[in-house]
Amino acid sequence: MDKINLAEKFDLFQETWTPKIISELNGQQVKLAKLHGEFVWHNHEQEDELFYVVKGTLKIRFRACLPDRQESEVILHPGEMIVVPAGVDHLPVAEEEVHVMLIEPAAIKHTGNVQHELTKEQLDWI
C-alpha cells in the first residue's frame, strides 16, 4: 500500500511507446507510457483499454467499425480519458510528447492483434 507519484515514475524512463507497469489490481495493470509520433493501427479483440492523459495532447483515430460509420478521431487533453472498447481499431498519435496512464487487463499486448517493430513481449515494472 505504497503511494505512487506519477511524475517521479515518468522521470524513470525516456522510451516512447513502451508502457511501464506501476501497479496491479483485480487482474488489471496500471501502466505509464510516453508517446511521441504515430503508433500502429491495432485493436484488442477481447479487452477494453483506458487511456488517461497526464501531460500533452493525444489524438486517437478510429477506423469505421460498422458499414454506416466513418473513420473518426478524438483529441484528449490533460485530465481527460477514454475507454476504447474491445475490437475497435485505433491509432494513437502524439504530435508532441504525451504522458499517459493506461489501465488494461494484465494479459493485453499493447499492439493488440498486430506484430510490429514496436511490439514489446515483456513490459518492465518501475
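Trp17 is buried, with a relative accessible area of 7%, where buried means under 20% relative accessible area, exposed over 50% and partly exposed in between (1.4 Å probe, protein chains only). Phe39 is buried too, at 9%. This is a predicted model, so to speak from the start: local features need pLDDT of at least 70, side-chain atom pairs count only at pLDDT 80 or more, and totals for chains, interfaces and linings use all residues. Residues are numbered from 1 along each chain as its sequence is written, and side-chain values use heavy atoms, with hydrogens and water left out.

On to the rings. Two aromatic pairs turn up in the structure; rings of Phe, Tyr and Trp (its six-membered ring) pair if their centres lie within 6.5 Å, and planes under 30 degrees apart count as stacked, over 60 as edge-to-face and the rest as tilted. Phe10 and Phe13 make a tilted pair, 6.1 Å centre to centre with 35 degrees between the planes. Both of these Phe residues, Phe10 and Phe13, are buried. Trp17 and Phe39 are stacked, at 4.7 Å centre to centre and 20 degrees between the planes. That pair links distant parts of the chain, 22 residues apart: Trp17 sits in the loop between α1 (6-10) and β1 (20-25), and Phe39 in the loop between β2 (28-38) and β3 (49-55). Helices (H or I, at least four residues) and strands (E, at least two) are DSSP runs, numbered from the N terminus.

Charges come next. Lys34 lies over the face of Phe13, 5.1 Å from the ring centre, and Arg63 over the face of Trp41, at 4.3 Å; the criterion is NZ of Lys or CZ of Arg within 6 Å of the ring centre and within 35 degrees of the ring normal.
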